[in-house]
Amino acid sequence: MTGLPPVPLYLLAVLALVQGITEFLPISSSGHLDLTWIAYRGLGEVPPEVDPRQQLVLDVAVHVGTLGAVCLYYWHDLAAMLTGLWRLPRGRRDPAARLAGLLILATLPVLVVGYLVKDWLPTIKGDLALIGWTTLGFGIALWIADRSGVTLRRIGDLAAVDALVIGLAQVLALVPGTSRSGITMTAGRLLGMERPEAARFSLLMSIPTIAAAGLFAGMELSEIGSASFSADAVIAAGMAFVAALAAIALMMAWLKRASFLPFVIYRILLGCLLLFLVYSGTLGDWGWQSGL
């Protein structure tokens, strides 16, 4: 980044690992990124030379890394969908083209609502009490859905209305701590989807969603100054890519034979801890201080 000093390698590693590991697990990557910046600033560990523009660029970079990971993991599905869409004008329909249509439909709500509330979202970013409540509440919601949801349906069984329901649920992920993957998997389980299938649809939904979020962030960068991708950003993106790819593979392997319970337990414990720290006054005046 022109005219700005490099970001410490340890901070790049922490941000990349946090984003890479949490983006696709149902535990909220945005909430964990917020907590990471808050913790480092509250402890005085973020050097003052870390410019707010660098912070935004790094957030974009680690999202690009995770986007690359999910695209690589599901490259076969992506290739099939592109081929299916190419055949549509010729009157040839196939399941992959139908899946592409469902994903587009499921993505539209968050794009529309996200654009409408984009000026409001920064006001709730880094609100520790809010992150605590959403982490706890939607963790419990995932547990209820996972226990009560029947396991009968696969992605091929979804109708347009089902995709829209999951897409509307994704809108809630605009609130920090909700978890985009968590809320969409919760909706999928409530609709009777098998666990791996709910996770697969959620991960495929993440591709257009993360791409759109990266585009919006890039537009914001162009408005606030001459920030560009540097060696720091490339390193962060690469580490996030590796961490995300490993997290996806491990989660999908786990869900083939077990439930969402470990993620639920983690969310409940983290949510309770955050709420205790906030309402006990332990954290004092810690909070989000992006400076943007």
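Tyr74 counts as buried, because its relative accessibility is 6%. Here buried means under 20% relative accessible area, exposed means over 50%, and partly exposed lies in between (1.4 Å probe, protein chains only). This is a predicted model, in which local features need pLDDT of at least 70 and side-chain atom pairs count only at pLDDT 80 or more, while totals for chains, interfaces and linings use all residues. Residues are numbered from 1 along each chain as its sequence is written, and side-chain values use heavy atoms, with hydrogens and water left out.

Let's turn to the rings. Rings of Phe, Tyr and Trp (its six-membered ring) pair if their centres lie within 6.5 Å; planes under 30 degrees apart count as stacked, over 60 as edge-to-face and the rest as tilted. The count by this rule is 2 aromatic pairs.

| Pair | Centre to centre | Angle between planes | Geometry |
|---|---|---|---|
| Tyr73 and Tyr74 | 4.9 Å | 80° | edge-to-face |
| Phe260 and Phe263 | 6.4 Å | 55° | tilted |

Tyr73 is partly exposed at 33% relative accessibility. Phe260 is buried at 0%, and Phe263 is buried at 13%.

Another ring, that of Tyr115, has the charged end of Lys118 over it, 5.4 Å from the ring centre. This calls for NZ of Lys or CZ of Arg within 6 Å of the ring centre and within 35 degrees of the ring normal.

Finally, a helix. Helices (H or I, at least four residues) and strands (E, at least two) are DSSP runs, numbered from the N terminus. Among the buried residues are Arg180, Ile183, Met185 and Arg189. Gly192, which follows α9, has a positive phi near 90°.
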